[in-house]
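Here are some notes to read alongside the model, written for someone opening it for the first time. Have the structure on screen as you go through the points.

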Amino acid sequence: MGKEMRLDRLLAEVGIGTRSQIKDMAKKGRIRVNGATEKKTDRKVDPARDQIMVDHLPVIYAEAEYYMLNKPQGVVSATEDHVHETVVDLLKKGPDGPVRTDLFPVGRLDLDTEGLLLLTNDGELAHSLLSPRRHVDKRYYAKVEGRLPEDAAEQFEKGITLLDGTPTLPAGLEILKEPAGDGVPCSEIVLTIHEGKFHQVKRMFEAVGCQVVFLKRLSMGSLVLDEGLKPGEFRRLSREEVERLKRDR
Ligand code: URA
């Protein structure tokens, strides 16, 4: 037997309507459970066992859904916000967007950070990917102002102490480009970290006297940003991507 849940919650999660709309539909006899009209929307159902129909069409309840978003700047990694658009709003707007209402971002990227963000309703996977004990790798591309210290890669390799005294785990720094006499103003780097402290990348560079002026997440564990996705675009994860992510935890 699967997990029991309230009928109105299940129908709301798959996007049939709000709870009050669902109540109204039930009153009008539009909802059936196992062939019988059901008017009580607070009753428990088991999506694995019970057959639920709305307007004579079966309701398919997929347990979990997974999307990768190329988060653009100016959008908040949250499900709700009073000021800014959220990553969940972005998904809802897309032509292939989910109709589910229970998706949330796995971790946070700053308002001005771009790149890979996983959205799902799989709380168990999210929890284990974010667990500080698992050290799931996160790779970032950054443009950094100011000259990196000669020994920056060694310092990152040993673990940087942030300006407030917080130690960080060893991180892999790859320098792609350094400021040169030809007017290139920033270093371009790829940094791999194994934890997710608040503003971690920006604070690590601050600790070596540099400022991050552009930040984009490239990967999280085995999940790599699909470079075909422009900022603001998203797609469902493939079955293989989901399986690999589950093995990362
Ligand atoms: N580190 C940061 O400083 N910001 C992010 O958004 C992600 C990692």
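1. Let's start with one side chain. The backbone nitrogen of Gly115 sits 3.3 Å from a polar atom of the Asn70 side chain. Keep in mind that this is a predicted model. The side chain of Asn70 also has a polar atom 2.8 Å from the backbone oxygen of Leu229.

2. Where does Asn70 lie? It belongs to strand S7, which covers residues 66-71. Asn70 has a relative accessible area of 2%, so it counts as buried, the cut-off being under 20%.

3. Now look at what surrounds that residue. Leaving out residues up to four places away in sequence, Asn70 touches Glu114 and Gly115, and also Leu225, Leu229, Lys230, Pro231, Gly232 and Glu233.

4. On to the largest nonpolar core, which has 32 residues. Which of them touch the most other members? Those are Val144, Phe156, Ile189, Leu191, Val201, Met204 and Phe205. At least two residues of this core come from each of S7, helix H3 (87-93), strand S9 (113-120), strand S10 (138-145), helix H5 (152-158), strand S12 (186-193), helix H6 (200-207) and strand S13 (211-220). H3 gives the most, with 4 residues.

5. Val201 is a handy one to click on. Setting aside its neighbours within four places in sequence, Val201 is in contact with Tyr140, Leu191, Ile193, Val212 and Leu215.

6. Helix H2 (residues 19-27) deserves a look too. Its buried residues are Ile22, Met25 and Ala26. Viewed down the axis of H2, these fall within an arc of 100°, so they line one face of the helix. Ser20 and Lys27, on the other side of H2, are exposed. The cover over the buried residues of H2 includes helix H1 (7-13), strand S2 (31-33) and strand S5 (52-54). Just after H2, Gly29 takes a positive phi of about 80°.

7. Finally, zoom out. The protein has 7 helices and 15 strands, and its C-alpha trace spans about 75 × 35 × 35 Å along the principal axes. Its radius of gyration is 22 Å, whereas a compact globule of 249 residues would come out near 18 Å. Of the 249 residues, 45% count as buried.

8. Two more overall figures. Among contacts with a separation of 6 or more, 64% are between residues 24 or more positions apart. The protein exposes about 13500 Å², with carbon and sulfur atoms supplying 49% of that.

Notes. Residues numbered from 1 in each chain as written. Predicted model: local features only at pLDDT ≥ 70, side-chain atom pairs only at ≥ 80, totals over all residues. Heavy atoms only, no water. Buried < 20%, exposed > 50% of the residue type's maximum accessible area, 1.4 Å probe, protein only. Polar contact = N/O pair within 3.5 Å; in protein donor to acceptor, adjacent residues only side chain to side chain. Contact = heavy atoms within 4.5 Å. Core = buried A, V, L, I, M, F, W, Y, C linked by side-chain atoms within 4.5 Å. Arc of directions from axis to C-beta. Rg over C-alpha atoms; globule rule 2.2 N^0.38 Å. Areas by Shrake-Rupley, 256 points an atom, 1.4 Å probe, with all protein chains shown as cover.
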